[in-house]
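Colleague: I've got a few minutes. Walk me through this one, please.

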Amino acid sequence: MSLDIYNLLEKISFTRVSGSTEEFKCANMLKETVESFGGNASIWPFEVSGYKINSAKLSANGKYYEVSGIKGSRNASVTAPLYYMETTLDTDKYELKGKIVLINGVVNVPIYKKLLKYGAVGFISYSGDITDTPEDSDLENKELRDVLRNKGIIPGVHMRTTTAIELLKDNPKEITLELSQDEFKLTSHDVISEIKGYMFPDEVVCITAHFDSVEFSKGAYDNGAGSVLIMKLYEFFTKNAPKRTLRFIWCGSEERGLLGSKAYVASLSEEKLEKIIFNINVDVAGTILGTEYANVMAENALVDYVEYVSNEISFPIVVRQDIYSSDSIPFSDKGVPAINLMRFGRPGAAHIHNRHDTMSFISKESLEKTYMFLEFLSNKLINANTFPVKREIPENIKKKIDEYLFKNEK
């Protein structure tokens with residue numbers, strides 16, 4: 001019996017956060033599905049940081065504002081003047097010293113470097129829309145990632161956009177930020193299964209999709225859909241032996257900074273890494289209203305190749321040479337060319353990273369449409385007598401990867 005990708009997606013559409021029992025449950029479901037096709041799969045563990053927020057408070061003049069603690073930021077109780085920092089320009093740099101700073105949106109490297117350099121004692125980030133209410137939205141739990149923590153740690157909290165507006169309207173002269181959390185280690189997992197190539201067994205194509213979700217989200221679109229599409233491809237190649245070896249990797253902890261794919265790539269010896277000639281990554285799919293995209297992290301000739309193949313079967317897809325924030329990045333950072341396939345939902349017709357990422361805007365027909373192209377393209381590449389993609393990364397893509405990974409940040 002052929003895999004029903006919509007049915008499998010329904011089964012794994014539950015919140016499955018990095019290092020959680022639910023993530024491990026999903027890993028086992030994927031493993032069992034692989035084994036139902038007669039394959040072998042291993043659940044590969046790797047360590048990640050864990051945080052438990054005990055309390056997070058922001059107050060002024062006896063009034064409390066709803067906030068969540070930013071995981072990985074510093075425990076503290078600090079009272080200081082509030083300052084709203086609108087840009088990363090240095091125009092207002094002397095305003096930050098000794099202040100708790102409200103930033104525009106979420107913290108990134110340029111913003112965080114400015115906070116540290118000019119002496120901020122705490123920060124507040126925000127997200128969401130001015131129409132959000134506590135009844136129809138969740139207050140996100142943000143994390144200060146290692147690329148920021150390595151520069152220094154100050155306390156931070158997060159709030160809704162509506163709360164940020166309320167705070168500025170109140171215009172308190174001083175605010176108090178209190179944060180208490182515990183830090184510990186968790187185990188996340190990748191699911192790995194290999195199909196040996198019958199003609200070029202030492203040439204390996206890695207096929208990836210992440211299966212974790214963020215908190216509050218069922219992660220149907222991001223990225224249960226990608227996970228079931230590569231499972232369907234796995235089934236295809238168990239029935240149609242590939243010329244090259246295929247290594248399927250369902251990655252854990254992608255949502256926390258590509259941790260599953262980073263850990264896997266870091267575990268490989270130079271010899272094993274050299275055998276990987278290509279990566280096919282699928283991240284977000286299935287939207288009823290949407291557009292197909294392919295981001296090519298390889299020579300520009302692959303853009304032309306994908307466009308040619310799509311025209312061959314009249315499959316409309318936007319193809320471009322660019323990076324994509326997903327599990328292809330760690331592979332391409334080590335010189336492995338990659339292609340990312342995505343179906344982006346039209347504005348207002350799809351959601352990620354919140355409670356609205358459910359099956360409601362996904363259809364079996366849309367999943368099968370993307371799968372058809374995934375299979376057609378993969379089959380052509382994997383079974384070519386001479387692999388058509390050079391194992392190299394163009395300089396313009398290398399530069400973008402380095403910027404994405406903040407390699408040049410001091």
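Modeller: Terms first. Helices (H or I, at least four residues) and strands (E, at least two) are DSSP runs, numbered from the N terminus. This is a predicted model: local features need pLDDT of at least 70, side-chain atom pairs count only at pLDDT 80 or more, and totals for chains, interfaces and linings use all residues. Numbering runs from 1 along each chain as its sequence is written, and side-chain values use heavy atoms, with hydrogens and water left out.

Colleague: Fine. Which peptide bond is cis?

Modeller: The one from Asp 222 to Asn 223, with omega near 5°. Asn 223 sits in helix α6, residues 220-239. Most peptide bonds are trans, and most residues other than glycine have a negative phi.

Colleague: Which residues other than glycine have a positive phi here?

Modeller: Asn 61 is one of them, with phi near 55°. Ser 253 is another, at about 55°.

Colleague: Where are they, and are they buried or exposed?

Modeller: Asn 61 is in the loop between β1 (42-60) and β2 (63-65). Its relative accessibility is 76%, so Asn 61 counts as exposed. The cut-offs: buried is under 20% relative accessible area, exposed is over 50%, and partly exposed is in between, with a 1.4 Å probe and protein chains only. Ser 253 lies in the loop between β10 (244-251) and α7 (259-267). Ser 253 is buried, because its relative accessible area is 0%.

Colleague: Switching to α3. Which of its residues are buried?

Modeller: In α3, residues 109-117, they are Val 109, Ile 111, Tyr 112, Lys 114 and Leu 115.

Colleague: And what do they pack against?

Modeller: β4 (76-85), β5 (100-103), β6 (122-127) and α4 (146-149).

Colleague: What happens at the start of that helix?

Modeller: A side-chain oxygen of Asn 108 comes within 3.0 Å of the backbone nitrogen of Ile 111. Just after α3, Gly 119 has a positive phi of about 85°.

Colleague: On to rings. How many aromatic pairs are there?

Modeller: There are 14. The rule: rings of Phe, Tyr and Trp (its six-membered ring) pair if their centres lie within 6.5 Å; planes under 30 degrees apart are stacked, over 60 edge-to-face, the rest tilted. Phe 236 and Phe 237 have ring centres 4.9 Å apart and planes at 80°, so they are edge-to-face. Phe 237 is at 1% relative accessibility, so it counts as buried.

Colleague: Which pair is stacked, and what does it link?

Modeller: Phe 315 and Phe 373 are stacked, 4.5 Å centre to centre with 5° between the planes. That pair links distant parts of the chain, 58 residues apart. Phe 315 is in the loop between α9 (300-312) and β13 (318-321), and Phe 373 is in helix α11, residues 364-382. Both Phe 315 and Phe 373 are buried.

Colleague: Which rings form a cluster?

Modeller: Phe 37, Tyr 234, Phe 248 and Trp 250, linked by ring pairs.

Colleague: Now cavities. How many of 30 Å³ or more?

Modeller: The count is 1. On a 1 Å grid over the protein atoms alone, a cavity is a set of points where a 1.4 Å probe fits but cannot get out; a pocket is an open set with protein on both sides within 12 Å along at least five of seven lines; lining residues have an atom within 4 Å of a point. Points join across faces, edges and corners, and a volume is the space filled by probe spheres set on them. The largest cavity is about 30 Å³.

Colleague: What lines the largest cavity?

Modeller: Glu 292, Tyr 293, Phe 315, Ile 317, Leu 341, Met 342, Thr 370 and Phe 373. β12 (290-297), β14 (338-345) and α11 each give two or more residues to that lining.

Colleague: What about the second largest pocket: what volume, and which element gives the largest share of the lining?

Modeller: Its volume is about 240 Å³. α2 gives the largest share of the lining, 4 residues. α1 (5-12) and α2 (21-36) each supply at least two. Phe 37 is among the lining residues, as are Met 1 and Asp 4.

Colleague: Last one, Lys 364. What does it contact?

Modeller: Asp 4 and Tyr 6, leaving aside neighbours within four places in sequence. Contact means heavy atoms within 4.5 Å. Lys 364 is at 33% relative accessibility, so it counts as partly exposed.

Terms used. Polar contact = N/O pair within 3.5 Å; in protein donor to acceptor, adjacent residues only side chain to side chain.
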